[in-house]
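I opened this notebook to record what I looked up in the structure, entry by entry.

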Amino acid sequence: MKFFLDTANLDELKKGAAWGVVDGVTTNPSLIAKEGIPLQEQIRKICEIVDGPVSAEVIATDVDGMLREGREAAKLHKNIIVKCPLTRAGIQACSTLSKEGIRVNVTLCFSPSQAILAAKAGAWCVSPFVGRLDDIGLEGMTLIRDICKIYANYGYKTQVLAASLRSPLHVVQAAEAGSHIGTMPFKVLDQMFNHPLTDKGLDQFLKDYAKAFQEAPAGR
């Protein structure tokens, strides 16, 4: 499973990229607004840090507006994935942009039927939101499993991008379900390193080495 960072913060992206495990980036209007930098300018900076797919979401809600913004975004960098919402207009825009050779991430997917529409429209990937379904008492990971099964049944090329992953457990479950991509906040990626036995083991190794080679023998 590929790891994408769900952030527009350049410092977080630099740290994640330095670890060598980040394959791409997802952004949305909320994340861009949080950084206070115009969308196109921030997207260009992100593409300089991470050499992989970078999702840039349209702001327009009508088909013509999405097409205009999508085409403009695609020109910013070869790694840009245009992000469209899973609405009637978004699916129509996805179909048109996909036929033009522009890759589209269809976002805000909450049901298998919606995911089928995204695949039929030629989406490069679809983004089912796990955490937001959990918030309303549903099991978000079931959606990932269902979509992966349906796509496998019919050989759809659309990738499943598990979004709204809020913990290392979510990441593992998405991988077990067969998701092609998992996107997560920097905080979650950072938490994946943590295990008390790793810390305890490393501490013991260093103590043993120091005792054997670094302590001066008595009498010297």
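I began with T107, which has its place in strand β5, residues 104-109; strands here are DSSP runs of E with at least two residues, helices are runs of H or I with at least four residues, and both are numbered from the N terminus. The model is a predicted one, in which local features need pLDDT of at least 70 and side-chain atom pairs count only at pLDDT 80 or more, while totals for chains, interfaces and linings use all residues. I number residues from 1 along each chain as its sequence is written, and side-chain values use heavy atoms, with hydrogens and water left out.

Is T107 buried or exposed? I noted a relative accessibility of 2%, so T107 counts as buried (buried means under 20% relative accessible area, exposed over 50%, and partly exposed in between, with a 1.4 Å probe and protein chains only). Leaving aside neighbours within four places in sequence, I found T107 in contact with E57, K83, C84, P85, L86, S127 and F129, contact meaning heavy atoms within 4.5 Å. For K83 I also noted the spacing: T107 and K83 are 24 residues apart in sequence, and 6.6 Å apart in space from C-alpha to C-alpha.

N28 came next; I located it in the loop between β2 and α2 (29-35). It counts as buried at 19% relative accessibility, and, beyond four places in sequence, N28 is in contact with E57 and K83. The side chain of N28 also reaches the backbone nitrogen of L31 at 2.8 Å, a polar contact being a pair of N or O atoms within 3.5 Å, in which, within protein, one must be able to donate a hydrogen and the other to accept it, and residues adjacent in sequence count only if both atoms are side-chain atoms.

I then turned to helix α1, residues 10-19, whose buried residues are L10, L13 and G16. Seen down the axis of α1, these fall within an arc of 125°, so they line one face of the helix; the arc is that of the directions from the helix axis to the C-beta atoms. I recalled that an α-helix has 3.6 residues a turn, so residues three or four places apart point the same way. The cover over the buried residues of α1 includes β1 (2-6), β2 (24-26), α3 (39-49) and α10 (186-191), whereas the face turned away from the buried side carries the exposed residues D11 and A18. At the N-terminal end, N9 caps α1, with a side-chain oxygen 3.1 Å from the backbone nitrogen of D11; after the helix comes G20, whose phi is positive, near 80°.

My last entry concerns backbone angles. Most residues other than glycine have a negative phi. L108, in strand β5, has a positive phi near 60°, and at 31% relative accessibility L108 counts as partly exposed. S164, in the loop between β7 (159-162) and α9 (168-177), has a positive phi near 55°, and S164 counts as buried at 16% relative accessibility.
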